[in-house]
Amino acid sequence: MPKKAVLIVIDGLGDLPCPELKGMTPLEAAKKPVIDSLSAEGETGFMNTIAPGVIPGSDTAHLALFGYDPYLFYFGRGIYEALGAGFELEESDVAFRANLATLKDSIIKDRRAGRDDKYMKELYSSVDGMKIEDIKVISKHTSEHRGVVIFRGNGLSNLITDADPHKTGEKPLESKPKDNSLQADKAARLLNEFTRRGIELLSNSEWNQKRVKEGFLPGNVILLRGAGAYRKVDSLEKRFGIRMSCVAGGALYKGVARFVGMKVLNVLGATGDKNTSLKAKLDAAVKAKEESDIVFLHIKAPDSFSHDGKPVEKKQFIEKIDKEVMKEIKENFDVVALTGDHSTPCSMKEHSGDAVPVLVWGKNCRKDKGIFSESNPSPTLFIRGLDVLNILLSKIEKLDKFGE
Ligand code: ZN
Ligand code: ZN
């Protein structure tokens with residue numbers, strides 16, 4: 001029987017000592033008997049997802065975890081979001097994350113236009129198909145106030161600054177090229193024209209009149225950010241001869257998975273937040289085993305608790321993962337790798353460059369005396385994110401010898 005592995009990524013797992021937890025980290029404070037049994041029977045240590053001290057974004061971190069060096073394969077956030085939202089991208093597309101926001105007297109009053117989805121689909125559609133110079137605009141609503149906007153055409157670069165100022169009380173920003181290329185110059189010019197025309201169109205939209213009449217804030221500007229330029233890359237199957245499946249709630253993770261050629265499962269109840277159905281994700285992961293060598297299972301909520309500065313909730317969620325997911329994972333897979341994509345200390349409410357605990361369990365594993373925690377007294381793994389796939393491949397006997 002071919003061996004099957006699961007890679008479980010708990011987003012933002014690593015932390016620093018928290019006063020609310022008597023100086024422990026959420027992972028140290030959590031009661032997690034199944035994870036403890038895995039670390040007692042397996043190998044433990046630390047991972048610098050990109051390199052020591054480098055602060056990873058979730059996008060670059062996951063590229064590394066899937067064996068794609070982010071310094072070679074990271075082409076800007078927008079394309080991973082677009083792929084995760086189900087878009088088919090073409091070579092040379094530039095894709096953005098979009099927010100419908102409320103503008104009053106040219107100033108942004110609410111970056112999320114109230115954070116609801118009333119007529120948002122129609123508002124995004126109203127700029128879909130717009131032509132600017134020789135570029136076609138594709139615009140689609142995704143969730144709440146959010147959407148994806150794609151510039152389709154030639155001669156564009158993603159090396160441009162955002163139109164979204166990321167705060168209220170300011171005007172939409174003028175996008176600027178980040179280098180001296182004609183492509184960046186053109187992309188920035190188009191983005192500025194898109195923002196201007198969008199305001200004109202949306203301010204006169206019947207859907208906004210309806211929104212206002214029904215007591216909602218108007219969504220009268222589409223703020224773009226995170227430009228990404230799409231290039232097709234060799235798939236996991238082509239590069240490593242393996243099939244992987246992705247079980248995740250958030251669009252970004254599904255997008256990175258699709259980018260590298262994973263099969264992305266649609267899991268009902270996987271929401272990418274604290275209300276996600278861990279049971280639905282577990283069932284999907286176990287089922288996906290049949291048609292994959294490695295299943296990637298992503299759990300987002302702990303990172304969100306960190307960004308909100310909530311260590312107690314983060315600890316409780318780790319306990320929930322242990323209770324509701326890990327036992328069946330252990331029973332169903334030959335090899336288990338458990339880690340985070342980066343640290344997000346609750347005290348900082350942001351990602352940090354601190355190494356993340358990592359654990360590998362399975363038949364062909366050594367037993368070290370380490371524990372799965374930031375204060376592991378006896379770690380034996382000191383790895384980078386790029387090493388994870390190699391370790392899994394070798395444990396499931398899918399890696400050839402290097403040399404003779
Ligand atoms: Zn992350
Ligand atoms: Zn984060």
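Visitor: In β11, which residue is the bridge partner of Val 9?

Guide: The partner of Val 9 is His 298. Please note that the model is predicted.

Visitor: How many bridges join β1 to β11, and do the strands run parallel or antiparallel?

Guide: Six bridges link β1 with strand β11, residues 294-299, and the two run parallel.

Visitor: What about β12: how many bridges join β1 to that strand?

Guide: Five bridges connect β1 to β12, which spans residues 335-339, and this pair also runs parallel. Within the pairing, Val 6 stands opposite Val 336.

Visitor: Which residues of β1 cover each side?

Guide: Ala 5, Leu 7 and Val 9 lie on one side, while Val 6, Ile 8 and Ile 10 lie on the other, and all are buried. In general, side chains in a regular strand alternate between the two faces of the sheet.

Visitor: Why is β1 described as largely enclosed?

Guide: Six of the six residues in the strand, residues 5-10, are buried, so β1 is largely enclosed by the rest of the structure. Buried here means under 20% relative accessible area.

Visitor: Turning to pockets, how much space lies in the largest one?

Guide: The largest pocket holds about 1600 Å³ of space. Its lining consists of 41 residues, and those nearest the centre are Arg 77, Glu 81, Arg 97, Arg 146 and Ala 251.

Visitor: Which element gives the largest share of that lining?

Guide: Helix α10 does, with five residues. The elements that give two or more residues to this lining include α5 (77-84), β3 (94-104) and β7 (146-152).

Visitor: One last topic: how far apart are the end C-alpha atoms of α7?

Guide: They are 32 Å apart, which agrees with the 32 Å that its 22 residues, 182-203, should span at 1.5 Å a residue. Among the buried residues of α7 are Leu 190, Leu 191 and Phe 194.

Technical notes. Residues are numbered from 1 along each chain as its sequence is written. Chains are lettered from A and ligands numbered from 1 in the order in which they are written. This is a predicted model: local features need pLDDT of at least 70, side-chain atom pairs count only at pLDDT 80 or more; totals for chains, interfaces and linings use all residues. Side-chain values use heavy atoms; hydrogens and water are left out. Buried means under 20% relative accessible area, exposed over 50%, partly exposed in between (1.4 Å probe, protein chains only). Helices (H or I, at least four residues) and strands (E, at least two) are DSSP runs, numbered from the N terminus. Two strands pair if DSSP finds at least two bridges between them. The expected span of a helix is 1.5 Å times one less than its number of residues. On a 1 Å grid over the protein atoms alone, a cavity is a set of points where a 1.4 Å probe fits but cannot get out, and a pocket is an open set with protein on both sides within 12 Å along at least five of seven lines; lining residues have an atom within 4 Å of a point. Grid points are joined across faces, edges and corners, and a volume is the space filled by probe spheres set on the points.
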